[in-house]
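Visitor: I have not looked at this structure before. Please take me through how to read it.

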Amino acid sequence: MRNNNEELTSTFKSQEGKYRDLCNEISYSLSREIGSSGIKIHSISTRPKTLESFLEKVNRKQYADPFTQCEDLGAARVVCLFMSDLVKIREVIENTFQVLSHHDKIQDGDASSFGYMSQHYICRLSSENSGPRYDHIGGLKFEIQVRTILMDAWANISHYLSYKNEDSIPHTVTRDFHALSGLLFVADRQFELLADTALRSAANAENEIVHSGAEVSDINGDTLTALLLKLFSDRDPSSAFDVSDLVQDARNFGYTDLRDLSRDIEAGLPAALQDEIDDPPHAIFPDDKDDGRYNRVGIARTCLTHAKPEFLTMMRKKWGTRNFLEHEAELED
């Protein structure tokens, strides 16, 4: 195909619809598979290439066959939290799509190119995606980029500053540019270490409190999560946010020792269970589980309101004029 812009524009516009459909399919498949894998990510985004970007790339690359050689007419980007997630997401991509090529710009790149680091995959839909829904998009190539949050942030800032490559960076800021990219690389590594430490802390707290029966006094998210597992293992777990909120409430009330907190939760349990029978909590959101039972944070808070009436007074002040127990019912899964 001759690189005639008018002809390219006409062909491009005739194919825009199928690349939009392709991007929708990529987004759906990635969201489903990453979600079911349990990997926590920051975002998934997709986009069909714009006409302006397509023409610029074709002219810059001097493609002889643009619609075959341009492999990112449909593209997705997955932004994950930690560097170790890159390997997990690679497994998801390889199990979900037909991977034609993989370029690891993280391992293969040099330190000065950190802003442009990511893992790039050129793919097609899997052979399992067959039938009328896929007939018009099944053979199309697309690109998936995978980055950490810090890699993505630096790439976006670099793009905003219009630094597309090493040569475009003014000499007056080259040293600062490289120093900052190095700091972000170190920060990415430190976030990974922090995540590993957090996982070990949670595992140690569970082992000490749930399995070993050790006397633990410190009140934090990990120790409270372990205590709630020990006391209410038959109930739905609560989110880390809700556990953290209860930690703050307990400290605001004056608890400084996990053992004192545990004792009062257990003291208020009979009355809390009767409350649950007399006035079962109900989910406020349609997709939430509604089994008429408090989750772990919910039952612990209700226990504390019976063991320590002053705790109920504090919670009512926290939530204003709304009834505290009604608020708890809205939080149940």
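Visitor: How many helices and strands does the protein chain have?

Guide: The protein chain has 13 helices and five strands. Keep in mind that this is a predicted model.

Visitor: What percentage of the residues of the protein chain count as buried?

Guide: The chain has 333 residues, and 39% of them count as buried.

Visitor: What covers the buried residues of α2?

Guide: The cover includes α1, which is residues 5-37, and α3, which is residues 66-69. Two residues of α1 can be followed individually. Leucine 8 lies in helix α1 and is buried, with a relative accessible area of 0%. Leucine 55 is one of the buried residues of α2.

Visitor: And the other residue in α1?

Guide: That is phenylalanine 12, also found in helix α1. At 6% relative accessibility, phenylalanine 12 counts as buried, since the cut-off for buried is under 20%. Phenylalanine 12 and phenylalanine 54 are 42 residues apart in sequence, and their C-alpha atoms are 8.6 Å apart in space.

Visitor: Which residues is phenylalanine 12 in contact with, leaving aside its neighbours within four places in sequence?

Guide: They are Lys49, Thr50, Leu51, Phe54, Phe67 and Leu73. Among them, Leu51 and Phe54 are buried residues of α2.

Visitor: What follows α2?

Guide: Glutamine 62 follows α2, and it is found in the loop between α2 and α3. Glutamine 62 has a positive phi of about 55° although it is not a glycine.

Visitor: Is glutamine 62 buried or exposed?

Guide: Glutamine 62 counts as exposed, at 58% relative accessibility.

Visitor: How should I read a pair of packed helices?

Guide: Two packed helices are described by the angle between their axes and the distance between the axes. Take helix α6, residues 171-211, and helix α7, residues 221-231: their axes come within 8 Å and cross at roughly 40°. That angle makes α6 oblique to α7. The crossing in which α6 passes α7 is right-handed.

Visitor: Which residues of α6 and α7 meet?

Guide: From α6 there are Ala198, Ser201, Ala202, Ala205, Glu206, Ile209 and Val210; from α7 there are Asp222, Thr223, Ala226, Leu227, Leu229 and Lys230. The residues of this contact of α6 with α7 divide into eight nonpolar, two polar and three charged.

Visitor: At what angle do α7 and helix α9 pack?

Guide: The angle is about 35°, and the axes of α7 and α9 (residues 258-267) are 11 Å apart. α7 passes α9 in a right-handed crossing. Thr223, Leu224, Leu227 and Leu231 of α7 meet Leu258, Leu261, Ser262, Ile265 and Glu266 of α9. Sorted by class, the contact of α7 with α9 has six nonpolar, two polar and one charged residues.

Visitor: Where is cysteine 303 found?

Guide: Cysteine 303 is in helix α11, which spans residues 296-307. Cysteine 303 is buried, with a relative accessible area of 0%. Apart from neighbours within four places in sequence, cysteine 303 is in contact with Phe232, Asp264, Ile265, Gly268, Leu269 and Ala272. Of these, Ile265 is also one of the α9 residues that meet α7.

Visitor: At what angle do the axes of α11 and helix α12 cross?

Guide: They cross at roughly 120° and come within 5 Å, with α12 being residues 309-318. That makes α11 oblique to α12. Arg301, Leu304, Thr305, His306 and Ala307 in α11 meet Pro309, Phe311, Leu312, Met315 and Lys318 in α12. The classes in the contact of α11 with α12 are six nonpolar, two polar and two charged residues.

How values were computed: Residues numbered from 1 in each chain as written. Predicted model: local features only at pLDDT ≥ 70, side-chain atom pairs only at ≥ 80, totals over all residues. Heavy atoms only, no water. Buried < 20%, exposed > 50% of the residue type's maximum accessible area, 1.4 Å probe, protein only. Helix = DSSP H or I, 4+ residues; strand = E, 2+ residues; numbered from the N terminus. Contact = heavy atoms within 4.5 Å. Axes fitted to C-alpha atoms, helices over the stretch in contact; angles between N-to-C directions. Parallel < 35°, antiparallel > 145°, perpendicular 65-115°, else oblique. Left-handed = near helix turned anticlockwise from the far one by under 90°. Nonpolar A, V, L, I, M, F, W, Y, C, P; charged D, E, K, R; others polar.
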